[in-house]
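Visitor: I would like to learn how to read a model like this one, feature by feature. Could we look at it together, with the general idea given before each case?

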Amino acid sequence: MDKNMGPSSVSNLRIWNDGMVIVRDCYALTSHWPKAELFGLTSQIRRASVSIPCNLAEGRGRGTSAEMARFAQIALGSLYELDTLLQIGADLNFAEPDQIAPLRERLSLLARQISSFIQKRRNAA
C-alpha cells in the first residue's frame with residue numbers, strides 16, 4: 001500500500017476538497033427548486049455531486065495508483081453527469097443561468113484537474 005494512502009490522506013487531495021465544495025453548492029442551489037423535483041432532478045443532482053468526492057475517497061482507500069485512477073475516472077464520469085443535469089435544470093428554468101454558470105465553470109476546472117490526476121496515476125501504475 002502506498003504510504004500516502006489511508007483514511008486521512010483523502011482530505012489532502014485538492015480535487016477531493018473541491019468536490020466537497022461542489023456538493024455543498026449543489027445542495028444549496030437545489031434547496032430552492034420545486035418540491036415536485038425532490039425525488040427527480042434534485043435528487044439526481046445531489047447524488048451525482050456526492051459521487052465525485054466519494055469515488056475519489058474510495059479510490060484512495062483501494063491503495064494502488066491503478067485503482068485510484070479507475071475511481072477517479074468514475075468520479076469524472078459523475079462530474080460530466082452533474083454538468084448535464086445542471087444544464088437540464090437551467091433549461092427547465094429551475095434556476096437562473098447566473099446561478100448555474102459559476103458552478104459549471106468550477107466543474108470544468110475540476111474536470112481538467114481530475115483528468116490530469118488520472119494521467120499521473122496511470123503513469124505511476
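Visitor: Which residues in α4 are buried?

Guide: Buried means under 20% relative accessible area, exposed means over 50%, and partly exposed lies in between, with a 1.4 Å probe and protein chains only. In α4, the buried residues are Ile-100, Leu-103, Leu-107, Leu-110, Ala-111, Gln-113, Ile-114, Phe-117 and Ile-118. An α-helix has 3.6 residues a turn, so residues three or four places apart point the same way. The buried residues of α4 pack against α1, α2 and α3, where a contact means heavy atoms within 4.5 Å.

Visitor: What should I know about the origin of these values?

Guide: This is a predicted model, in which local features need pLDDT of at least 70 and side-chain atom pairs count only at pLDDT 80 or more, whereas totals for chains, interfaces and linings use all residues. Residues are numbered from 1 along each chain as its sequence is written, and side-chain values use heavy atoms, with hydrogens and water left out.

Visitor: How many helices and strands does the chain have?

Guide: Helices are DSSP runs of H or I with at least four residues, strands are runs of E with at least two, and both are numbered from the N terminus. The chain has 4 helices and 0 strands, and the order of its elements from the N terminus is α-α-α-α.

Visitor: What does the radius of gyration say about the chain?

Guide: The radius of gyration is taken over C-alpha atoms, and the globule rule is 2.2 Å times the number of residues to the power 0.38. For 125 residues a compact globule would come near 14 Å, and the 15 Å of the chain agrees with that. Along the principal axes, the C-alpha atoms fill a box of roughly 45 × 25 × 20 Å. Buried residues make up 43% of the 125 residues, and of the contacts with a separation of 6 or more, 72% come from residues 24 or more positions apart.

Visitor: What span from first C-alpha to last does α3 reach?

Guide: The expected span of a helix is 1.5 Å times one less than its number of residues. Helix α3, residues 65–91, has 27 residues and reaches 39 Å, close to the 39 Å expected; α4, with 28 residues, reaches 40 Å, close to the 40 Å expected.

Visitor: Which residue just after α3 takes a positive phi?

Guide: That residue is Asn-93, whose phi is about 60° although it is not a glycine. Asn-93 sits in the loop between α3 and α4 and, at 66% relative accessibility, counts as exposed.

Visitor: How many aromatic pairs does a search of the whole structure find?

Guide: Rings of Phe, Tyr and Trp (its six-membered ring) pair if their centres lie within 6.5 Å, and planes under 30 degrees apart count as stacked, over 60 as edge-to-face and the rest as tilted. The search finds 1 aromatic pair. The ring centres of Trp-33 and Phe-94 are 5.4 Å apart and their planes are at 55°, so this pair is tilted. Trp-33 lies in the loop between α1 (14–30) and α2 (41–62), and Phe-94 in the loop between α3 and α4 (97–124), so the pair ties together parts that are 61 residues apart in sequence. Both Trp-33 and Phe-94 are buried.

Visitor: Which side chains are joined to Asp-83 by a polar contact?

Guide: A polar contact is a pair of N or O atoms within 3.5 Å; within protein, one must be able to donate a hydrogen and the other to accept it, and residues adjacent in sequence count only if both atoms are side-chain atoms. The side chain of Asp-83 is joined to that of Arg-104 by a polar contact of 2.6 Å. Asp-83 lies in helix α3 and is buried, with a relative accessible area of 18%. Asp-83 and Arg-104 are 21 residues apart in sequence, with 6.2 Å between their C-alpha atoms. The side chain of Arg-104 also makes a polar contact with that of Gln-87, at 2.5 Å; Gln-87 belongs to helix α3 and, at 28% relative accessibility, counts as partly exposed.
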